[in-house]
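Reader: Please take a close look at one helix pair for me. Keep it brisk, and give the cut-offs as you go.

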Amino acid sequence: MPTRWKTLVIALPPDRGSARLGYAGRRDTPESAPAPIQRARLVMGAASQADLVIHGDLLAAAGSLLDAGAAPARLAYLDPPFDTGRSWLARLHLRGPQHTRRQADLEVEAYRDQWTGDAYLGFLHARLRAARALLHPEGVLVLHCDARRSHHLRILCEEVFGPDRLLNEIVWLRRPGRANTGRRLDQVTDRLLVFANGKRPRIVLPRTRDTPRARAYIDKRFTGRETDGRRYMTAPISSPNPRENLRYVYKGHQPPPNGWAISREKMEAWDAAGRLHFVPGGRVYRKVYLEDYNGQPVPDLWTDIPVLNAMASERRGYPTQKPEALLARIVEMFTEPGDVVLDGFAGSGTAAAVARRLGRRIVAIDTAASAADQTWLRLAAIPGPGIVGADLGDPAPPPPGAYARVAQNKGLCRLDPPCLPDLVEALSQRGRTPRTPWALIAAVAVGTRDANTLHVNHLAAPRDAAALVETQWPAKLGTHARLWDLRHRAFDAGG
């Protein structure tokens, strides 16, 4: 059945900036977004206030969400293609302890980052408008890019949000430099363009203990050591302003010229807890323990979060996956628990997974069905509210020739080994042979089916090389099963 589109078209907010970036096809930049019908395909838990993963384009998703009256996002994180001119490959690994992760068993195209002329700028301009339409009046947009297009994208963001709404252009040091090649220096940084939608965005400025400067400060200042090995530094407890009521002698120690910074009662409490350092014949200082020290303020150069190495436990084979520590800093800077986080280019779902783990609500969007499903599965493995997977068009077709069967016996259901001929053929061409058909499966969901929607009651999603063993379940959990292969392509099991 062809995709059905609503005739309703949602107007996007006009650009705020007066300066315009000229590029070919500029007149084709959409001033509005279609509102396609959302079709729920996967539901786990209560659907109300559920996290939402949409298979579709950000522009169309904005129209659908605005039409549905979705809650505005406090943070929109966009990690779009960078206009690299290449296709990016995902590295896939067979499941099970008998398969090693040292080398990828299969490489498939994750996404294509190739553009003609200035189509890239028109694409991003429209989606920046869409993201702003979904933002809270005091929300924040973080656009992830690199040096190839950061200058153009900053101008586009200034057009959409206004030139006075730039909060920061953060430079993230992804990795140390390697040998320079040709006539260019090795490119080791990304850019994070941070724009506010309003005049008073909510921000919690981060601190770090992991930069060379912070580590040097710790080594220099935290020289005290308790008998249990805890390190501490001393800090004065003198009042910055004259406080007559805080001028008291404590254990023979005279007060500072302006008085103490705390009352006698608090001084006694700190003393009883062992948090005071007495200098014979001198002042009294408080102890600041290393475990309580949050670090130094983080500037707009981020050097303390390295890129994922090839063997990182959080790596999922997605070619441009960002480290969770980077996304955690961004989410915690601009949101609080319960806020909505919009991830407009979900990829492997890192931003969405981090935000859900931190107690935020999620709207994750990706044009690739495999990316949307991988994100849904990743979120479903994290405790939290319900989660809905939806399509804005027709769902992706199943892998050609894929087949699995559910057998029932005495109130139990069993999933027979699946068949994935195209995946087996692709692996055989690389000299890889799965020890068991389950090595080809990334996840299995069990539940009841209502029209085209699977209501999931049980999910078996093995991590890394763990074997999939949940192949039998009580029929009361549902007699329908949906499987995802290594490429996160979904197909249903027959009865």
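Author: Helix α6 (residues 324-334) and helix α7 (residues 350-357) have axes that come within 9 Å and cross at roughly 55 degrees. Axes are lines fitted to C-alpha atoms, for helices over the stretch in contact, and angles run from 0 to 180 degrees between N-to-C directions. Helices are DSSP runs of H or I, at least four residues, numbered from the N terminus; strands are runs of E, at least two. The pair α6 and α7 is therefore oblique. Under 35 degrees counts as roughly parallel, over 145 as roughly antiparallel, 65 to 115 as roughly perpendicular, and the rest as oblique. The crossing of α6 and α7 is right-handed: the near helix is turned clockwise from the far one by less than a right angle.

This is a predicted model; local features need pLDDT of at least 70, side-chain atom pairs count only at pLDDT 80 or more, and totals for chains, interfaces and linings use all residues. Residues are numbered from 1 along each chain as its sequence is written, and side-chain values use heavy atoms, with hydrogens and water left out.

Now the contact itself. From α6 come E324, L327, A328 and V331. They meet T350, A351, V354, A355 and R357 in α7. Contact means heavy atoms within 4.5 Å. The residues of this contact divide into six nonpolar, one polar and two charged. Nonpolar covers Ala, Val, Leu, Ile, Met, Phe, Trp, Tyr, Cys and Pro; charged covers Asp, Glu, Lys and Arg; the others, Gly among them, are polar.

Elsewhere, L301 lies in strand β17 (residues 301-302). The C-alpha atoms of L301 and A407 are separated by 57 Å.
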